[in-house]
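Please read them with the structure open.

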Amino acid sequence: MDFEANTSHPAEAPTDAELDETVRIARDLIRMDTTNYGGGKSKGETVAAEYVAEYLRGLGLEPELIDSDPGRTSVIARVAGRDSSKGALVVHGHLDVVPADARNWSVDPFGGVIQDGMLWGRGAVDMKNMDAMILTAVADILRSGERPARDLILAFFADEENGGVLGSHYLVDTRPDLFAGATEAISEVGGYSITLGGKRAYLVQTGEKALLWIKLIARGPAAHGSRVVRENAITRLAEAVAAVGRQEWPIRLTNTTTELLAEIARILGVDPQKVGPDELAIATGTASSFIQASLRTTTNPTVLTAGYKHNVVPDSAEALVDIRSLPGEEDAVLAAVQELVGPDIEIEVMHRDVGLENEFSGPLIDAVISTLTEHDPGADVLPYLLSAGTDNKALSKLGITGYGFAPLLLPAELDFPAMFHGVDERVPLDALVFGRRVLTDLLRTY
Ligand SMILES: [Zn+2]
């Protein structure tokens, strides 16, 4: 933004005292670079974990810090509720972020910059925003001398961006006692608003696609680059990669996407029999990139590795493919991929995790809907299936039903799905304040 040439005092960033506490915490967390590069490579989460633990101690809680590996710290704290006979609610976030290449950004991705009414930086929406909202919502309840309606288990996990191996999965596998009594969970990538037909609607995440991270391996004879080599490993791998990458997976609606598309059609006033699922998804505008991917399996090649010298044919070539199948279809999709690439390509499953799908009903969903509409009267609240995954997958191993609910009231023009892992990730300051209030009320009453 340009300032007037004759302005003697350029507009200054708001002072700390002028910022909502949620904004300050999210900003502080963004300034702690907790980049997770994947494959066990990471800057670590310890600094952020200690910051969060310190805040929780200040509320009179007794957080436990657990390292899965050096530097890979998660934080768990229990908050006693008014009625401990109710199932405990896990309210969780992750402390790591995906890498950010500063050359592509308009601001320093780890600067915690506040400008144009927004907080900018890696983690502003995924998910240091929600980490901060959880902390201040719990603080609002405890500082007013109240208690949440039921026991809360606050969890701030390491390593979510690498499938939770050194975070949620590690804790669920080695310390299930930390989650004793928990029945449900809320966390990220849901609860944000979209604009449908000029009207605001909130998407609550009630399910997640399954995850299959595979490696394709082609083998062939090593040879001089001048020879006739029909079984060239790179050529064969390239054909396999192209087949998988070009595959058009058919649309298959689940209960969640059937309900979502029917609701979208109702709000837009169109006949779902006449307008196809993809068209309905596109009609949601910025949310369409999330919703279209929830209607079908996706198979995206993401990494290629082969060769070491211009005049040498290597004896192997490898590609990584990120597969997101609909819940329950993992094995069928793997078989279909093997069929696509042919029997000579080996498939190695590097990491897999379940899909989830819950009903869009029940007391928690009722509480989510009533709290949201109390704070934003007239808004619609819709279920959706997340095309990616969260730590709810790990918690599901303990029978905990997880939802995505990080409430944010967003301006219609903000392309929110593009913020996730995107360049110039940012969140409006007033959306964070809204989220704090909604979350506070939900935890106070549910
Ligand atoms: Zn995330």
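**Notes on the predicted model**

1. Start with Asn162. Asn162 sits in the loop between strand E8 (152-157) and helix H4 (168-174). This is a predicted model. At 16% relative accessibility, Asn162 falls under the 20% cut-off, so Asn162 counts as buried. Setting aside neighbours within four places in sequence, Asn162 is in contact with Asn36, Gly38, Gly39, Gly40, Asp96 and Trp213.

2. His94 belongs to strand E5 (residues 88-94), whereas Glu188 is in the loop between strand E9 (182-187) and strand E10 (192-196). The pair is 94 residues apart and links distant parts of the chain.

3. The geometry of the site deserves a look. For four tetrahedral donors the ideal angle is 109.5 degrees.

4. Now the four-stranded sheet. The sheet is open, with strand order E14-E16-E12-E17 and antiparallel pairing. Strand E14 (298-306) and strand E17 (346-353) are the edge strands, and each pairs on one side only. From one strand to the next, the twist averages 20°.

5. Inside that sheet, look at E12 and E16. Strand E12 (residues 210-219) pairs with strand E16 (residues 316-325) over ten bridges, in the antiparallel sense. Opposite Ile217 stands Glu318 in E16.

6. Two helices lie across these strands. Helix H5 (residues 233-246) lies across E12, E14 and E16 and runs at about 155° to E12. Helix H9 (residues 330-341) lies across E12, E14, E16 and E17, at about 155° to E17.

7. There is also a three-stranded sheet. This open sheet has the order E6-E7-E21, with antiparallel pairing. Why is one side of strand E6 (114-115) and of strand E21 (426-428) left without a neighbour in the sheet? Both stand at the edges with a single partner strand each, so one side of each lacks a neighbour. E6 and strand E7 (residues 118-120) are joined by two bridges in the antiparallel sense. Leu119 in E7 is the bridge partner of Ile114.

8. Helices pack here as well. Helix H1 (residues 21-31) packs on the sheet and touches E6 and E7, with its direction at about 15° to that of E7. Helix H12 (residues 429-445) touches E6, E7 and E21, and its direction makes about 70° with that of E21.

9. Thr284 is worth checking. Thr284 lies in the loop between helix H7 (277-282) and helix H8 (288-292). Thr284 counts as buried, at 3% relative accessibility. Thr284 and Thr195 are 89 residues apart in sequence, yet their C-alpha atoms are 7.2 Å apart in space. Neighbours within four places aside, Thr284 is in contact with Ile194, Thr195, Leu196, Ile264 and Ile291.

10. Turn to the aromatic rings. The whole structure holds eight aromatic pairs. One of them joins Tyr192 and Phe416: this pair is tilted, at 5.0 Å centre to centre and 45° between the planes. Tyr192 lies in strand E10 and Phe416 in the loop between strand E20 (401-404) and E21, so the pair ties together parts 224 residues apart in sequence. Tyr192 is buried at 1% relative accessible area, and Phe416 is buried at 3%.

11. Phe290 and Tyr384 make a stacked pair. Their ring centres are 6.4 Å apart and the planes are at 20°, so the pair is stacked. Phe290 is in helix H8 and Tyr384 in strand E19 (residues 380-386), so parts 94 residues apart in sequence are tied together. Phe290 counts as buried at 12% relative accessibility, as does Tyr384 at 1%.

12. A last point on the rings. Ring pairs link Tyr192, Phe290, Tyr384, Phe416 and Phe420 into a cluster.

Conventions
Residues are numbered from 1 along each chain as its sequence is written. This is a predicted model: local features need pLDDT of at least 70, side-chain atom pairs count only at pLDDT 80 or more; totals for chains, interfaces and linings use all residues. Side-chain values use heavy atoms; hydrogens and water are left out. Two strands pair if DSSP finds at least two bridges between them. Axes are lines fitted to C-alpha atoms, for helices over the stretch in contact, and angles run from 0 to 180 degrees between N-to-C directions. Contact means heavy atoms within 4.5 Å. Buried means under 20% relative accessible area, exposed over 50%, partly exposed in between (1.4 Å probe, protein chains only). Rings of Phe, Tyr and Trp (its six-membered ring) pair if their centres lie within 6.5 Å; planes under 30 degrees apart count as stacked, over 60 as edge-to-face and the rest as tilted.
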